[in-house]
Amino acid sequence: MDDQPIFERIRADIDEHPVLVYIKGTPMFPQCGFSAAIVQALSMLGAKFKGIDVLADPPLRQGVKDFSNWPTIPQLYVCGEFVGGADIVREMYESGELATFLKDKGIELAD
Amino acid sequence: MAMQAHEIESLIKDALPDAQVTIDDLAGDGDHYAARVVSASFKGRSRVQQHQMIYDALRGRMGDSLHALALQTSAPDD
């Protein structure tokens, strides 16, 4: 797959923000339960994160699915690495793996 | 657009013949399912890769005719 221009924008976003989540809606007003679930998991851990609303940017909404070869939104990236969607992040959160993973990546969590 | 549980199961089994597949219909609307898939082909693969194998098996329907598929994947005796 040749490099789509949107991929550069995505790379810049995920490099700029250590914890970045592409969601439907905003962290304050998620527009879908799965997006809300990821926002809640990160908030419960007190991790600072950037939320980008793909509903406001249709090319980005498709571009991020192609970029990660992952067909759904939300998508979580930590330190430029795709971590997963709602299922994987919920599984990681519930087992405590998400907190460990974030700390190992040097992300500050509220105690 | 929607899908039937048996369609999801047969697509997954086409791609992963050894898979044990359990599907729960979460909303009765043909759009929201949960699936538990156990297959030896997941061995040594990350969770993201395991889920991507399922999405590939669904041949583009995920996020299209199928809105939500809560996935749990594992290799046998994982």
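**Labels and their rules**

Modeller: Start with Q4(A), which touches G63(A) and D66(A), leaving aside residues up to four places away in sequence. This is a predicted model, where local features need pLDDT of at least 70, side-chain atom pairs count only at pLDDT 80 or more, and totals for chains, interfaces and linings use all residues. Residues are numbered from 1 along each chain as its sequence is written, chains are lettered from A and ligands numbered from 1 in the order in which they are written, and side-chain values use heavy atoms, without hydrogens and water.

Colleague: Why is Q4(A) called partly exposed?

Modeller: Its relative accessible area is 23%. Buried means under 20%, exposed over 50%, and partly exposed in between (1.4 Å probe, protein chains only). So Q4(A) is partly exposed.

Colleague: What makes the pair R47(B) and E91(A) a salt bridge?

Modeller: The rule wants a side-chain nitrogen of Lys or Arg within 4 Å of a carboxyl oxygen of Asp or Glu. Here the N to O distance is 3.2 Å. Therefore the pair qualifies. The interface of chain A and chain B has 2 salt bridges by this rule.

Colleague: How is the size of that interface given?

Modeller: As buried area, about 1200 Å², with 56% from carbon and sulfur atoms. Buried area is the accessible area (1.4 Å probe) that two parts lose on being put together, summed over both. In chain A, W70(A), D87(A) and E91(A) lose the most, together 36% of what that side buries. The contact takes 15 residues from chain A and 14 residues from chain B.

Colleague: Which residues have the most contacts inside the largest nonpolar core, and what makes it a core?

Modeller: Y22(A), L76(A), L102(A), I12(B), I54(B), L58(B) and L69(B), in a core of 57 residues. A nonpolar core is a set of buried Ala, Val, Leu, Ile, Met, Phe, Trp, Tyr and Cys residues joined through side-chain atoms within 4.5 Å. Strand β1 (residues 19-23) of chain A gives the largest share, 5 residues. Strands are DSSP runs of E, at least two residues, numbered from the N terminus.

Colleague: What does L76(A) touch?

Modeller: Among its contacts are V19(A), L20(A), V21(A), I38(A) and L98(A), not counting residues up to four places away in sequence.

How values were computed:
Contact means heavy atoms within 4.5 Å. Helices (H or I, at least four residues) and strands (E, at least two) are DSSP runs, numbered from the N terminus.
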